[in-house]
Amino acid sequence: MTVPEALSELGGVSRRTFYRWRELGVAPASFKLPNGELRLWRSDFLEWLQEREDLAA
């Protein structure tokens, strides 16, 4: 999935916040395509989101 898709699913988190999370090592796993664009595996994103929900409970 693309970064904008992930941000949309997170309720409009800003791109800057997402990249800050990456700098801090708390963002979902991601990878770069040969053209330099960042992508996330949907399964990794959903797992990361579930972990956040579990921590909040």
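Among contacts (heavy atoms within 4.5 Å) between residues at least 6 apart in the sequence of the protein, 34% join residues at least 24 apart. The structure is a predicted model, in which local features need pLDDT of at least 70 and side-chain atom pairs count only at pLDDT 80 or more, while totals for chains, interfaces and linings use all residues. Residues are numbered from 1 along each chain as its sequence is written, and side-chain values use heavy atoms, with hydrogens and water left out.

The protein has three helices and two strands, arranged along the sequence as α-α-β-β-α; these elements are DSSP runs numbered from the N terminus (helices, H or I, at least four residues; strands, E, at least two). Along the principal axes, the C-alpha atoms fill a box of roughly 40 × 20 × 20 Å. Of the 57 residues, 23% are buried (under 20% relative accessible area with a 1.4 Å probe, protein chains only; over 50% is exposed, and in between is partly exposed).

We turn next to the interior. In soluble globular proteins, nonpolar side chains tend to be buried together. Here the largest nonpolar core holds 11 residues, namely Met1, Val3, Ala6, Leu7, Leu10, Phe18, Ala27, Leu38, Leu40, Phe45 and Trp48. Such a core is a set of buried Ala, Val, Leu, Ile, Met, Phe, Trp, Tyr and Cys residues joined through side-chain atoms within 4.5 Å. Helix H1 (3-9) and helix H3 (42-56) each supply at least two of its residues, and H1 gives the most, with three. Ala6 is in contact with Met1, Leu40 and Phe45, leaving aside neighbours within four places in sequence.

Four aromatic pairs were found in the whole structure (rings of Phe, Tyr and Trp, the last by its six-membered ring, with centres within 6.5 Å; planes under 30 degrees apart are stacked, over 60 edge-to-face, and the rest tilted). The Trp21 and Trp48 rings have centres 5.8 Å apart and planes at 45°, so this pair is tilted. The pair links distant parts of the chain, with Trp21 in helix H2 (residues 15-24) and Trp48 in helix H3, 27 residues apart. Trp48 is buried at 8% relative accessibility, whereas Trp21 is partly exposed at 24%. Ring pairs link Trp21, Phe45 and Trp48 into a cluster.
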